[in-house]
Amino acid sequence: MGDQVLKGQLLAEAEGTVSAAIHAPTSGQITAIEDAIIPHPSGLPDRCITITPDGKDQWINRKPQDWRNAERKDLVTSLRLSGIVGLGGATFPTHIKLRADGKSGIHTLVINAAECEPYITCDDMLMRKHADEIVKGIAIAKYLLGAEKVMIGIEDNKPEAAKAMQAATESTGMEVVVVPTLYPSGDARRLVHLLLGTEIPHDKRSTEVGLQVFNVATVLALYRYFEFGEPAISRIVSM
């Protein structure tokens, strides 16, 4: 209570396995640490940290990482402090999906660029505006996983996004595949089947058959973290 914090400053570390760190979304003063109602269908309260902004929006000293010349183990370990989670909707901590020993057993990285629900356009706009950065984030995820192949699935109702991603992936070896806009194409298992013809058994995870799935917003967050030292403190939403 009373601490002055900067934008991006670590406020709470990940606890346990399925957990993610929390960072200050802006600079200001900690004015409360108490239970409060959270935006969750249950309507129940949870422990919250309240910041009163100072209006300066002043960042911490951000430290990029040379991921191309660093040990995979060190990079994955640092991700535990990044706050990055699956931004496709599941919010599963990203550091858990990446093996620190570089022996993930993953041969194919699937990028889910099909919106999970009708009328959501977050990923569509991200691909239109930030295709190059997304591709750089994909390269980081591919390196950390030790994957050999990358496939990017985009629904056919996103022609501008598909065009932008095709241009950004030229000469990278990554494959952009346009899939039918048919709910639930954004479901990871359904998308894998559409792209590869592979059906993941109901009692197994995709990793058990050599596949890993990342959302486009998640790989963009990876790029921002490693290239600019920015933790995950925001995301695009549809209104």
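Biologist: Which residues form the nonpolar patch on the surface?

Modeller: That's M1, I33 and I49, with about 300 Å² of accessible area together. Keep in mind that this is a predicted model.

Biologist: Where is I49, and is it buried, partly exposed or exposed?

Modeller: I49 belongs to strand β5. Its relative accessibility is 37%, so it counts as partly exposed.

Biologist: OK, zoom out a bit. What order do the strands of that open sheet come in?

Modeller: The order is β1-β4-β5, three strands with antiparallel pairing. At the edges sit β1 (4-5) and β5 (45-53), each pairing on one side only.

Biologist: How many bridges does β4 make with β5, and how many with β1?

Modeller: Strand β4, residues 28-37, pairs with β5 over nine bridges. Between β1 and β4 there are two bridges.

Biologist: What are the bridge partners of Q29?

Modeller: Q29 is the partner of Q4, and in β5 Q29 is bridged to T52.

Biologist: What about G2, where does that one sit?

Modeller: G2 lies in the segment before β1. With a relative accessible area of 36%, G2 is partly exposed.

Biologist: What does G2 contact, ignoring its neighbours within four places in sequence?

Modeller: Q29 and I30.

Biologist: And how far is G2 from V176?

Modeller: They are 50 Å apart in space, C-alpha to C-alpha, and 174 residues apart in sequence.

Biologist: Switching to helix α3. Which of its residues are buried?

Modeller: In α3, residues 159-168, the buried ones are A161, A162, A164, M165 and A168.

Biologist: Why do they line one face of the helix?

Modeller: Looking down the axis of α3, the buried residues fall within an arc of 165 degrees, so they line one face. As a general rule, an α-helix has 3.6 residues a turn, so residues three or four places apart point the same way.

Biologist: What do those buried residues pack against?

Modeller: They pack against α2 (122-145), β7 (149-155) and β8 (175-179).

Biologist: Last one: which exposed residues are on the face of α3 turned away from the buried side?

Modeller: You'll find P159, K163 and A167 there.

Definitions and conventions
Residues numbered from 1 in each chain as written. Predicted model: local features only at pLDDT ≥ 70, side-chain atom pairs only at ≥ 80, totals over all residues. Heavy atoms only, no water. Pairing = 2+ DSSP bridges. Helix = DSSP H or I, 4+ residues; strand = E, 2+ residues; numbered from the N terminus. Buried < 20%, exposed > 50% of the residue type's maximum accessible area, 1.4 Å probe, protein only. Arc of directions from axis to C-beta. Contact = heavy atoms within 4.5 Å. Patch = residues over 30% accessible without salt bridge, like charges linked within 9 Å, V, L, I, M, F, W, Y side chains within 5 Å. Areas by Shrake-Rupley, 256 points an atom, 1.4 Å probe, with all protein chains shown as cover. Salt bridge = Lys/Arg side-chain N within 4 Å of Asp/Glu carboxyl O.
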